[in-house]
Structure formats: C-alpha cells, structure tokens
Amino acid sequence: MALSEQKERKPEDILRDFRASFFSMNRLASFPWTVSLRRRQTPLKICLILLRGFNLKHPLRSTCLHPLCGKFPPSVRFRRIFLSELIKRQEAAGCDPLDELYDALAEVVGVEETPHCHKSYFLPSGDAISLLENVAVISEGTTGLVTWEAALYLAEWALENPQVFTGRSVLELGSGVGLTGITVCRSCSPVRFVFSDCHAAVLEKLRENVRLNGLDCGKSPSVTVDQLDWTTAPEEQIRRIRPDTVIAADVVYDPEVAGSLADLLLKILKCSAVAEILICSTIRNLETYGGFKLRLGEDQDASEPEPSSSPGPVPQNWVEDPKTVLE
C-alpha cells in the first residue's frame with residue numbers, strides 16, 4: 001500500500017502489517033517502517049509503544065516474542081537481520097536501549113542456520129497458515145520446496161473469490177509446499193481437495209504441511225495428497241479424481257514442463273468436461289508463456305470457450321512486490 005493511502009491508520013493496524021511481513025519473511029524494505037499518522041509522514045517510534053499495552057501494539061511482541069514464533073519460527077538468519085534492523089532504527093530515533101530487544105538478538109546470534117524454516121500467512125479470520133519450507137530456493141533437485149509469488153497471488157485471489165471453490169472438488173497441480181491449496185481448504189469450503197506433485201521430497205514436505213494445518217483429521221473437506229506426473233498420468237487417475245475445478249500456480253516456467261502441462265490440461269478437459277481451470281503464472285519469459293498458451297489454443301476444439309478474466313480483485317496483502325508481472 002502506498003504511503004499516500006495510509007491515512008489515519010491506527011497503530012494496531014500498522015503493527016498487524018508488521019507481524020504479517022515478519023512471519024512471511026518479506027524483505028525488510030517492504031516493512032511499514034514509515035507510516036502516516038495525524039496526516040503527516042513520521043518514522044514509527046518503536047520505543048514509544050514497545051511494551052506498553054496489548055501484544056499487538058508493539059513490534060517485538062508482534063514478531064520475535066509472539067507465540068507463533070516459538071512454534072513456527074522464521075529462519076535464524078532472517079530473525080537476526082530483522083532484530084539488527086530494529087535496533088538500528090531504535091538508536092536512530094534516539095530512544096533508550098531496550099533490554100528485551102537485545103536479549104532477543106542474543107538468542108539468535110551464533111545459532112547455526114538450519115536448511116528449513118517456517119513461513120506463516122494470516123487469514124482474514126486472524127488464524128495463520130504455517131508452512132515448513134527450505135531456506136534455499138533450489139534444493140534436493142527442485143524449486144518446489146519454497147513458496148513462489150504466483151502461489152501467494154492465487155491464494156489471495158481465492159480469499160476474494162471463495163464461491164469459485166465452495167462445494168466443489170478441486171485438484172491442484174504442482175502444489176509445492178501447499179500455500180494455495182491450504183488457503184482454499186481453510187477458507188473456501190470445497191467438498192474435496194486433491195493436492196498433487198511429482199517430486200518425492202516435495203510430496204513429503206507437502207504432507208507435513210497438510211498435517212501442520214490440521215487438514216488430515218478426517219473433517220471436511222476431504223483431503224488427499226497424490227503423486228501426479230504430468231507426462232505419464234493415466235486417464236484412469238484423472239477420472240478417479242474427476243475435478244470440478246483445477247488450479248495451479250507458477251507452473252509455466254520451462255518450455256518442456258509447459259508442454260507437458262498443456263497436454264495434461266487437455267487430458268483433464270477430455271475426462272471431465274465441466275472442469276474449470278485456473279492457472280496463475282509469473283511471466284518471466286514471454287516466449288515460454290506464449291508457447292504454453294499457443295499450445296492450448298492449437299489443441300483445443302473450436303467450440304472451447306476463450307479463457308475468461310478473473311471474476312474479482314486481489315487485495316495484494318501477501319504479495320510482496322505488486323509490480324511483478326502475473327497472469
């Protein structure tokens with residue numbers, strides 16, 4: 001949100017944004033360090049509100065001292081950098097030293113970094129979706145062990161358009177660590193949801209995240225995690241799933257993969273003619289993305305409808321960089 005739009009925002013709202021940015025491990029530059037209060041731009045005087053009042057009224061207890069951080073902590077390195085930035089800004093504002101802040105930093109200084117961390121995203125209800133992810137973007141031979149921006153965008157879009165999923169059987173292709181699918185399950189009331197991926201390490205982490213978010217307890221919706229190889233998926237498997245809606249995020253990134261995806265989507269349409277397919281893509285390479293759309297266009301019947309535009313807006317609360325080209 002642009003600073004010019006932050007008019008008369010309450011400190012609680014600003015700190016709620018602070019909490020959301022911390023637990024999703026956003027870049028520090030995207031944090032609401034400067035806010036509009038009393039119709040003028042002023043630095044957030046952290047020391048003046050720290051430890052005064054309720055938990056959500058100060059940055060430290062909304063982040064590193066929040067109970068969620070004890071259960072599902074962001075990476076050690078991120079917490080160390082975040083606390084160092086808080087201290088730097090506190091000193092620049094001329095505030096007295098805060099023991100709790102230095103104590104929190106001391107707890108992570110010298111701690112060995114692990115290959116895994118947690119990211120958490122807050123739903124409109126106030127509940128959080130927490131995911132176990134890898135710290136490295138590429139690890140174990142895959143990029144599927146981290147959350148990508150298109151998944152954030154599609155998850156937000158689902159929150160704004162729950163009617164697309166309510167009462168439906170949903171198949172997600174390339175679920176990765178599961179943010180979009182878990183969001184749909186927690187907030188959009190599908191009757192059934194099938195997560196899918198093909199990489200063994202991704203499937204293992206995906207099942208763990210489904211469990212972490214309470215989707216394996218037999219309650220509605222019915223949830224399964226399936227191995228689905230786009231190049232070899234038999235029609236029998238598609239017919240067994242028989243989805244009403246198919247979703248995927250950030251799956252059009254390589255010409256070969258995009259071709260396999262296009263073939264699979266056409267197979268799904270053949271097996272389940274009523275299926276609605278929603279693909280959210282970060283457009284990194286126009287040639288690859290254009291080739292994917294061309295492949296679908298060439299193979300479709302002339303009677304197939306043209307892709308429709310999104311039926312609703314996206315608030316971009318989770319998407320860190322609104323300038324990213326997404327479609």
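Is Asp250 buried or exposed, and what is its relative accessible area? Asp250 is buried, with a relative accessible area of 9%, where buried denotes under 20% relative accessible area, exposed over 50% and partly exposed anything in between, computed with a 1.4 Å probe on protein chains only. The structure is a predicted model, in which local features require pLDDT of at least 70 and side-chain atom pairs count only at pLDDT 80 or more, whereas totals for chains, interfaces and linings use all residues. Residues are numbered from 1 along each chain as its sequence is written, and side-chain values use heavy atoms, with hydrogens and water left out.

The mean pLDDT (the predictor's confidence in each residue, from 0 to 100) of the protein chain is 82, and 80% of the residues reach 70 or more. Over residues 1-7 the pLDDT falls below 50, and this stretch has eight contacts beyond near neighbours in sequence, a contact being heavy atoms within 4.5 Å. Residues 301-316 likewise stay under 50, with 18 contacts beyond four places in sequence. Where pLDDT is low, the predicted coordinates should not be read in detail.

The protein chain contains 11 helices and nine strands, assigned as DSSP runs (helices H or I with at least four residues, strands E with at least two) and numbered from the N terminus. Of its 327 residues, 48% count as buried, and residues 24 or more positions apart account for 70% of the contacts with a separation of 6 or more.

Ile247 lies in strand 8 and counts as buried because its relative accessibility is 0%. Beyond four places in sequence, Ile247 touches residues including Leu154, Phe165, Val184, Phe193 and Leu278; its C-alpha atom is 5.9 Å from that of Ile277, which is 30 residues away in sequence.

Arg242, in the loop between helix 9 (235-241) and strand 8, has a phi of about 40 degrees although it is not a glycine, and counts as exposed at 52% relative accessibility. Asp250, in the loop between strand 8 and helix 10 (255-271), has a positive phi near 55 degrees.

Helix 8 (residues 200-212) has 13 residues that should span 18 Å at 1.5 Å a residue, in agreement with the 18 Å between its end C-alpha atoms; the expected span is 1.5 Å times one less than the number of residues. Its buried residues are Ala201, Val202, Leu203, Lys205, Leu206, Asn209 and Val210, and their cover includes strand 3 (116-122), helix 7 (179-187) and strand 7 (222-227). Gly214, with a positive phi near 70 degrees, follows helix 8.

Helix 1 (residues 11-23) and helix 4 (residues 76-92) pack at an angle of about 145 degrees, with their axes 11 Å apart; axes are lines fitted to C-alpha atoms, for helices over the stretch in contact, and angles run from 0 to 180 degrees between N-to-C directions. Phe18, Ser21 and Phe22 of helix 1 meet Phe78, Arg79, Phe82 and Leu86 of helix 4.
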